[in-house]
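Please go through this model with a few questions on its fold and on selected residues.

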Amino acid sequence: MEINKLQGIIESILFAAGESVSLNRLAELTDTDKHTLTEVMKIMAQNYDADDTRGITLIQLEDSYQLCTKNELYGYVQAMNEKRTRQTLSNAGLEVLSIVAYNQPVTRATLEFIRGVNSDGALNRLIEMGLVDEAGRLDAPGKPILYATTEEFLRVFSLSSLSELPEVETPAPEQEQSEDDEQDYTQENMGIL
């Protein structure tokens, strides 16, 4: 199939979908192999970004693609909506979202253990906003629900995949104890001394 025609077909599918479409689904619909589609998607994304007269761009969300408004034009689209509802996250919401993003899939109990406080409200708000969703159940007693970030999380934070999350620096211990001190402390707590 001619590249220009394939680009037109892909563009119409993505436009009509209004949300991301997986590479597998695009391959099925266009009867094209995934390697060729990936190359065509790269060309399309470059063309959208290079053309200042276009109001849309093609974004990749892990193994899916979506047509979106260019960032610099978002204000015009937002002004079109009569309701201006700006959704913000509380500090608790940001903490929970960070824990989920870096430890997913994660249970509610793990979230609360890491934070040290109940996280029900913040977790429910993130689910309402579509940033976090259920990702199955843990194979453990009680089968607790696992939570993970969603495509909306990637979209909101302009990430193509979770591998683009910034590295987390773990703080170095302030003072290291010698092994003898640790052994004495352990024996003392165990009632040996």
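The questions and answers below go from the whole chain to single residues.

This is a predicted model, in which local features need pLDDT of at least 70, side-chain atom pairs count only at pLDDT 80 or more, and totals for chains, interfaces and linings use all residues. Residues are numbered from 1 along each chain as its sequence is written, and side-chain values use heavy atoms, leaving out hydrogens and water.

Q: How many helices and strands are in the chain?
A: Helices (H or I, at least four residues) and strands (E, at least two) are DSSP runs, numbered from the N terminus. On that basis, the chain has nine helices and six strands.

Q: Is Ser64 buried or exposed?
A: Ser64 lies in strand E3 (residues 64-69). Buried means under 20% relative accessible area, exposed over 50%, and partly exposed in between (1.4 Å probe, protein chains only). Because its relative accessibility is 5%, Ser64 counts as buried.

Q: With which side chain does the side chain of Ser64 make a polar contact?
A: A polar contact is a pair of N or O atoms within 3.5 Å; within protein, one must be able to donate a hydrogen and the other to accept it, and residues adjacent in sequence count only if both atoms are side-chain atoms. At 3.4 Å, the partner of Ser64 is the side chain of Glu151.

Q: What is the relative accessible area of Tyr74?
A: Tyr74 belongs to helix H4 (residues 74-80). Tyr74 counts as partly exposed because its relative accessible area is 49%.
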